[in-house]
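User: I'm new to this one and would like a walk through it. Could you put it up on the screen first?

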There are 4 protein chains.
Amino acid sequence: MIRVGVLGANGKVGRAICEAVEAASDLELVAQVDQGDPIEKFVDARTEVVVDFTHPDVVMKNLEFLVANRIHAVVGTTGFDEPRLARVRSWVDANPEVGVLIAPNFAIGAVLSMRFAEQAARFFDSVEVIELHHPNKADAPSGTAYRTAALIAAARAKAGVGPSPDATSTELEGARGADVDGVRVHSVRLAGLVAHQEVLLGTQGETLTIRHDSIDRNSFAPGVLLGVREIGGRPGLTVGIDPLLDL
Amino acid sequence: MIRVGVLGANGKVGRAICEAVEAASDLELVAQVDQGDPIEKFVDARTEVVVDFTHPDVVMKNLEFLVANRIHAVVGTTGFDEPRLARVRSWVDANPEVGVLIAPNFAIGAVLSMRFAEQAARFFDSVEVIELHHPNKADAPSGTAYRTAALIAAARAKAGVGPSPDATSTELEGARGADVDGVRVHSVRLAGLVAHQEVLLGTQGETLTIRHDSIDRNSFAPGVLLGVREIGGRPGLTVGIDPLLDL
Amino acid sequence: MIRVGVLGANGKVGRAICEAVEAASDLELVAQVDQGDPIEKFVDARTEVVVDFTHPDVVMKNLEFLVANRIHAVVGTTGFDEPRLARVRSWVDANPEVGVLIAPNFAIGAVLSMRFAEQAARFFDSVEVIELHHPNKADAPSGTAYRTAALIAAARAKAGVGPSPDATSTELEGARGADVDGVRVHSVRLAGLVAHQEVLLGTQGETLTIRHDSIDRNSFAPGVLLGVREIGGRPGLTVGIDPLLDL
Amino acid sequence: MIRVGVLGANGKVGRAICEAVEAASDLELVAQVDQGDPIEKFVDARTEVVVDFTHPDVVMKNLEFLVANRIHAVVGTTGFDEPRLARVRSWVDANPEVGVLIAPNFAIGAVLSMRFAEQAARFFDSVEVIELHHPNKADAPSGTAYRTAALIAAARAKAGVGPSPDATSTELEGARGADVDGVRVHSVRLAGLVAHQEVLLGTQGETLTIRHDSIDRNSFAPGVLLGVREIGGRPGLTVGIDPLLDL
């Protein structure tokens, strides 16, 4: 049993994580901390790993405390730029047995599908991305689709693969989608959807499609639990859950 | 057994139709005519239905002969505008027992999916169309996708349904596709594909997707055979295979 | 503005319907009744249409009262067999201006996809059904998939279409799915899914796929609102929402 | 320019490979050999790589000659068991600069999708496989689906992942598919399809789908060309194209 604590335990995400930890037979929820609670509770409860989904304003102070007290951390709080990562790295350098995982995206399916798309990209003549979301989304394409297309483009450039063939000579404006580093990206907005993405790869006579569907804000939970289980065995700073997936 | 003849029998399409007729247990291929052959062969062979996949230059003469000789016709030749249709109508008016079917598209799946999309359009908050083709296609969107979107838009306008909701405020140019009468259409061009189309309809908590995949130029054959079997019982001029589908 | 009342207003479904009615600009929620409340509230509030999602034990008494008071009814409560329908019919015969809609399924997408599958079934050589649900479902196939397959089989039998071709000679037990009146049905159970169904129809060189995805228990709401808007113009008893869809 | 020869050049597959080599700007087709032609033509033409899609009866003799003459080989001929592989290994041990690639499947998309499924399998609660083929196929499930399911099962067993959850208590026989080492496999047979496979992986709130569509017997060509380009840099015996994909 790993002894787990949660920071930001009363927030929507925090509550979901507390539930997920309690439902896991190999994890024990030993401490919950939110605004106003003393962070020392984690030490008193002999917490081994703390999950932090809080706020950019407080996360650095949290992490400094946790690392100094040799508690591993799994962090979903946003706002980590290179200077912040450098500071965290300096703390773990001083406490080399401690592991800190900072990840912008804990949805395992999203991370895997990006990685697979990147790996497959150079073996196909053509690649395009379709992302489909609920109609309240403000940006098109989604950040994930943009990153996916950029990763695909970089992998193809590195392998010396030319652009996807395209004989379009008459186009109704916008039909062929947006162009991200030469990769076409199409954004669908539809009532009844949540967050979905499809990478289509094609060559002579065959296509490969990698599709990710997320219908629940809690789709981060399995990725967080994976981080909790693995971070104890990965001292130092880990950025992104990719290294945990052994791809 | 229906006695069937084929005009343009040596062309690529004509040969495929001859094969399909011969493979059907309820049809008999009794005459084949191509350039240089006398069209009277159909009369001698007591042909009941002739299939015409020839050329706009000769099809009108063919049809005049067939109707005058009381032979039903199933026509896939292109180039029929309103004046041409009016002339055909005058011929069948003079021979009211004869049936002539002229259709721009014999792919049953394509016709059904357009019709279903049109019927369903007014019951959903959102509708978008994705069409996917081989990368040698010159136009985007495809003619079928354009017509499908226009039919959807007309059905929604008639029912008083407002535009699909869309909160997009930041768009990379083209991401949201082309706008056909208010319906978004996305065109994918990918090696390994042939001709595919997806209509996505969505409302609170549910989506309906109507997808058509065509991977073979022979996908017109089942529609042509349907026409051959039905046209004898449908005197007069029929335009499009929709009426044969009893939708 | 149609004046709408809700019976069973405090239940989970009832609350969702109250919210949906309040969110609709052409409907006004004028009365809510649950256990313990007098049903006469609907009369006092001059309610035009009442939605009933209650219990088989009380729904008949509710309906007798509503029809006698010339209030239209939209009913999602289960348990209607032929004798019950006959009694409702006798009540509306006595009040011929009143409309009553009783439907086992208000998910418009599900009803449309069943209907489209039924219409398309006779034009394709092959038809199979795949239904995909969350892993807590007890029955396989789902009731909807079973009904869909039975409707498809009946439509094909009526049109004299033979069985789907299948050359399978070596089968690992169960691979080819369940057999419902000659139509193969496959049941997938997967974490992360809710309720999904795909009807695949195929003929030479082309396939047509009709897919319905439901990710929310509230997917009945649009169908209920459709019933509320239409039932005033449809006196007598209507069973199922199909007639409202003008298919 | 790599100098390429083809063995079995007059067969259906051989002709397709000759065309693919000729179409590639970095490859030169310098010799074609079929039954009756002397295999020495490859030596005379200073061939660097020979592609062999012949017959189990002759492939061993071909390979012995090629390796002895220090010509790399890319082999799609079937029938390689462990004793045969051991003999080939002994030949390349004696000529260590020569590379021989023997692969049962050159469809890159199929190989990638199997590999991705294997990599992803342990991160999801549930996995199922759907394979869809033309109705003339004799076996169900397909060999590829069987192997895919077995690879998934082995990866999950190795990671200590339990069986996919399944609460089915009432099943129409066959609905839940075939059981391959605990992984459910569903086989669809449909006119209009060629060869398709979908691996569905699901966990709380999200699913990942890896789909491979093959619509052309020539879908082996890109994999063969990849082998031709890479084998010169990979001395020794390589079995399967996986190592060339750097996964």
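User: By what turn and shift can chain D be laid on chain C?
Analyst: A quick note before the numbers: this is a predicted model, where local features need pLDDT of at least 70, side-chain atom pairs count only at pLDDT 80 or more, and totals for chains, interfaces and linings use all residues. Residues are numbered from 1 along each chain as its sequence is written, chains are lettered from A and ligands numbered from 1 in the order written, and side-chain values use heavy atoms, leaving out hydrogens and water. Copies are superposed by least squares on the C-alpha atoms of residues with pLDDT of at least 70 in both. Chain D lands on chain C with an RMSD of 0.1 Å, by a turn of 180 degrees and a shift of 0.0 Å along the axis.

User: Which residue of chain D comes closest to the rotation axis?
Analyst: Go by the C-alpha atoms here. At 1.9 Å from the axis, the residue is D:G174.

User: Are α3(D) and α4(D) roughly parallel or roughly antiparallel?
Analyst: Helices (H or I, at least four residues) and strands (E, at least two) are DSSP runs, numbered from the N terminus. The axes of α3 (residues 56-68) and α4 (residues 82-94) of chain D come within 9 Å and cross at roughly 15 degrees. Axes are lines fitted to C-alpha atoms, for helices over the stretch in contact, with angles from 0 to 180 degrees between N-to-C directions. Angles under 35 degrees count as roughly parallel, over 145 as roughly antiparallel, 65 to 115 as roughly perpendicular and the rest as oblique, so α3(D) and α4(D) are roughly parallel.

User: Where does A:P141 lie?
Analyst: The peptide bond from A:A140 to A:P141 is cis, with omega near 0 degrees. As for its place, A:P141 is in the loop between β7 (139-140) and α6 (143-158) of chain A.

User: And where is B:R46?
Analyst: B:R46 has a positive phi of about 50 degrees, although it is not a glycine. Its place is the loop between α2 (41-44) and β3 (49-52) of chain B.
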